[in-house]
Amino acid sequence: MGVRGGGWDVRIRQARIVYLGYVPILVYVMAKVAIIGASGNVGRYTALTVSHSPYVSELLLFGRPGKEEVLHGLASDLHDSFAARGSQADVRYSCNEEDLEGSSIVIVTSGVPRKDGQDRNDLAHENARMVSEIASMVGRYAPNAILFIITNPVDVMTAVALKYSGMKPNQVIGLGTHLDSMRLKWYIAKYFDVHVSEVHTRIIGEHGDSMVPLWSATTIGGISIRNLPEFEDLPEQKIMDDVMNAGSNIIPRIGVTFYGPGDAILTIVGTILGNEKRILTISTFIKSEIHNIGDVCIGTPVRLDRSGAKTIAITLSVSEVEGFRKSVDKIRTITQEVLLRLEGD
Ligand code: NAP
């Protein structure tokens, strides 16, 4: 089901000129984006944020059979939102796997969320079964898409999706530590009293307790943070506690997190569809590119564009290597347990 929009202003903005020999032709760089788990909290807010990308011409709200009425309602409300802001995109809903065909990006937000007091890894086995089935469906119907996993524990679920989709490593990504990195950037900007765009920083490793801030790669206005006099008094541990506990501070109050993840997801989608080649910290399969540590899906800096993710082989400080190795070992162990249990199911 869907509602079709028109309008040449947006279509011209989305167009690119390419040359066939000497003949210029106009190509529309527009994309279909599917959200699996669109009936949930993260899925429905993601649908709204992603619809703000000028490259999205069709949004597919996908859910499991029996959820048609909910998805219909969400699609209609979203259509009204498009109408109110003059968006030209189409919105459709479906519970039929064939409708995933032609998607450029498939975002997976299906999954049990953690409850107050739970660790993300407590969700691993239950969500792995769900993600494995979804991934093999995406592999069958949208094998050329970028498969983008949000479900927690996101690093482990990215590995499950990679295995069960049969897609290439550059095509399968997870939200990883991107939102954590953005949170750190915000705290640093506040501390140094500068605009957030002046700060470049990263958190790598697990999206969870063993994440590692890269102070060695943190700059303000292009200057290494360690060369600034205020660095001496920077409350590093307090800032990292705030970053790490951000989700745990929200969940007891409202039961879910969705604004932060939804906008972080839009950044990733916009980077891919805009072919921007930005360096973002997301979860992908790393073999041994970083200090010979790898064989796992985990958050590291990658260059992202329409062809997918490419790991950046960064050099870390001694303590960062140690932290990263611990984080990788932890996630590799959980991933192996989860994959073994899935094989036995
Ligand atoms: P939610 O509101 O409970 O929604 C769960 C979604 O999963 C619904 O669409 C639900 O569909 C679907 N689902 C549940 N069981 C299913 C099954 N057996 N088969 C297929 N679909 C099923 O949860 P949420 O708050 O949106 O969170 C969704 C996931 O995102 C969780 O794993 C959460 O931890 C994760 N998350 C990740 C991040 C991150 O930074 N990576 C941030 C926030 C949340 P029905 O409507 O049919 O039940």
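Reader: Before I dig in, what pLDDT does the protein average?

Author: It averages a pLDDT of 92, and 93% of the residues score at least 70; pLDDT is the predictor's confidence in each residue, from 0 to 100. Over residues 2–11, though, the pLDDT is below 50, and that stretch has 19 contacts in the model beyond near neighbours in sequence. Contact here means heavy atoms within 4.5 Å. As this is a predicted model, local features need pLDDT of at least 70 and side-chain atom pairs count only at pLDDT 80 or more, while totals for chains, interfaces and linings use all residues. Residues are numbered from 1 along each chain as its sequence is written, and side-chain values use heavy atoms, with hydrogens and water left out.

Reader: Okay, helices. At what angle do the axes of H5 and H10 cross?

Author: Helices (H or I, at least four residues) and strands (E, at least two) are DSSP runs, numbered from the N terminus. Axes are lines fitted to C-alpha atoms, for helices over the stretch in contact, and angles run from 0 to 180 degrees between N-to-C directions. Now the case: H5 (residues 154–165) and H10 (residues 318–344) have axes that come within 9 Å and cross at roughly 45°. That makes H5 oblique to H10, since angles under 35 degrees count as roughly parallel, over 145 as roughly antiparallel, 65 to 115 as roughly perpendicular and the rest as oblique.

Reader: Is that crossing left-handed or right-handed?

Author: A crossing is left-handed if the near helix is turned anticlockwise from the far one by less than a right angle, and right-handed if clockwise. H5 passes H10 in a right-handed crossing. On the H5 side, the contact includes Val156, Ala159 and Val160; on the H10 side, Ile331, Ile334 and Val338 are among the residues involved. By class, you get nine nonpolar, one polar and three charged residues. For the classes, Ala, Val, Leu, Ile, Met, Phe, Trp, Tyr, Cys and Pro count as nonpolar, Asp, Glu, Lys and Arg as charged, and the others, Gly among them, as polar.

Reader: Let's do strands. What is the order of the open sheet of three strands?

Author: Strands of a sheet pair through backbone hydrogen bonds, either parallel or antiparallel. Two strands pair if DSSP finds at least two bridges between them. Here the order is E10-E13-E14, with antiparallel pairing. The edge strands, E10 (199–200) and E14 (223–224), each pair on one side only. Ile220 has Ile223 in E14 as its bridge partner.

Reader: Through how many residues does a hairpin join E16 to E17?

Author: The hairpin runs through two residues. E16 (residues 296–305) and E17 (residues 308–311) pair in the antiparallel sense over four bridges, with Arg303 opposite Lys310 in E17.

Reader: Last one: which residues does a cis peptide bond join?

Author: Most residues other than glycine have a negative phi, and most peptide bonds are trans. Asn152 and Pro153 are joined by a cis bond, with omega about -10°; Pro153 sits in the loop between E8 (146–149) and H5. Also check Asp193, which has a positive phi of about 55° although it is not a glycine. You'll find Asp193 in the loop between H6 (178–192) and E10.
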